[in-house]
Structure formats: structure tokens, C-alpha cells
Amino acid sequence: MPGRPRAEPDVAYELTRLALEVSDCFRCPRLVAWRELVAREKVARFAHDEYWGRPVPGWGDPEARILICGLAPAAHGGNRTGRIFTGDRSGDFLFAALHRAGFANRPTSIGWGDGLKLRGVYVGAVNRCAPPGNRPTPVERDNCLPYLVRELRTLTSVRVVLPLGAYAWDGAVRALAALGEVVRPAPRFGHGLEARIGPYTLLGTFHPSQQNTFTGRLTGSMMDTVLERAKQLARSD
Ligand code: SF4
């Protein structure tokens, strides 16, 4: 049966290789200590879970035209489940929206083995280890950024980068600059704002943190609008 041509096998292979490399990274001593401490101490509601406690690689469709970029895994989300935006409220919000937009086959993201599949999108982050207070230092950001750069280089179909929040926006601009795609002055972040950088369009959205979603700063319909725009942009290039 005719269908979409699949991604070159070397894309999937390189993503797997990168995921293994990321999972075994110890470059930031403070974050290594923190991710392991959180994994040992846990939190009462997940006291019986085995935490991943390691860096969390990106994942998704090797043919993705949209790369969603977060800040870092959540201490009791990705750091627990081993999958980015999985097992926390931000992920609940994000994957429900991706499902409504047709990018995910299920509205929930619980953990590896839940059957969740992404189509047309790949999800990564600026930092791959959960940072204390959700605040990586500039050195920790720079240590980790090469992984995002390699994802962008490997995911050759990506045309839209969707950073979740100002920190991810800044990280994406830096990653694109590392690929030689520099714009001056650096484009400013805003919800729904777009910036053309080389062959990519950067499309900003507020981060789906509880701080934003519980206060109504970011609503489901705002996220739906951004994802529809991402879809249009991904089709148009
Ligand atoms: S944040 Fe990135 S660079 Fe630092 S230890 Fe984790 S995976 Fe390695």
C-alpha cells in the first residue's frame, strides 16, 4: 500500500545513538547529584516507583517537521519515568493538546510502554537533567546544548521549532546559531510570536507549567491555536 516514505534508517539510528549517549552523560556535577538525590528520596505520591534518575533523551517521530523544545525534565516527571514531559502536569497538558491536534495517538503520557506514538513531532529540551528549582546555570545550559544541536542536525525534516517558554526559546536560538543560523538582534520571545531563522521558523508559546495553566495564562485553546499554526508552517515549507 502506498504511503509516506519513511525516514532514512540512519536518522533513526543516529537518534538512538544520541539517546544512549545522552542517557549516560555526567557532564554537570550539580545536576548529576540532584537527579540522583531526587531519584533516591522520591516524593510521597511516587514512593513505590523506581525513578529513572538519569538524563532524559528526546523522542518522537524521526520524520518530524516540528521540534518541541522544553526547558528540562521535571524532577518527578521525566526524571522519574525516563521520558520527557511524561508523568507530570505539564506533560498532561501538552500531550492532551498534541492529541487534539492529531500529533499524538493518545491524550495521556504515562511512561514507556503506554503505547503513545507521536506523528510529525519530536520532543526535546534544552537541558536533559532535572535542575533544582527548574533553573540550570548558564554553564549547564551550554554543556547540554550540543545534544539539541545534534537533534536538529539529525532531524532533517524539521522546519518548525516550538520552544515552550522563554528559556527554551533562548536555547533554541543558541542551538540554531551553533548550526550557523544566526539572526541579529536575537528574536524576542512571546506567546504566538514567530521568527524566521534560516530554513526554520521559531514559534513561541508559554510553557505548559502549572504556574501558567492553573492561572489561565496558558489555556488549552491558546495551545491549540499555536499547534494549528505550527501545523500550517510545517506544511508550507
Ligand atoms: S544536563 Fe545535559 S550535559 Fe549536563 S549532565 Fe545532564 S545530560 Fe549531561
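Modeller: The account below begins with the fold and then turns to the core. This is a predicted model, in which local features need pLDDT of at least 70 and side-chain atom pairs count only at pLDDT 80 or more, while totals for chains, interfaces and linings use all residues. Residues are numbered from 1 along each chain as its sequence is written.

The protein contains 8 helices and 6 strands, these being DSSP runs (helices: H or I, at least four residues; strands: E, at least two) numbered from the N terminus. Their order along the sequence is α-α-β-β-α-α-β-α-β-α-β-β-α-α. Of the 237 residues, 46% are buried, that is, 20 or more other C-beta atoms, placed from the backbone, lie within 10 Å of the residue's own.

A nonpolar core is a set of buried Ala, Val, Leu, Ile, Met, Phe, Trp, Tyr and Cys residues joined through C-beta atoms within 7 Å. The largest one has 60 residues, and Ile66, Leu67 and Cys69 touch the most other members. Among the elements that give two or more residues to this core are strands S2 (66-70), S3 (121-125), S4 (160-163) and S6 (200-203), together with helices H4 (89-100) and H5 (138-154). Helix H6 provides the largest share, 7 residues.

Leaving aside residues up to four places away in sequence, Leu67 touches Tyr122, Gly124, Glu151, Leu152, Leu155, Val158, Val161 and Leu162, where contact requires C-beta atoms, placed from the backbone, within 7 Å. Across the protein, 67% of the contacts with a separation of 6 or more join residues 24 or more positions apart.

Note on methods. A residue is buried if 20 or more other C-beta atoms lie within 10 Å of its own, exposed if 12 or fewer, and partly exposed in between; C-beta atoms are placed from the backbone. Two residues are in contact if their C-beta atoms, placed from the backbone, lie within 7 Å.
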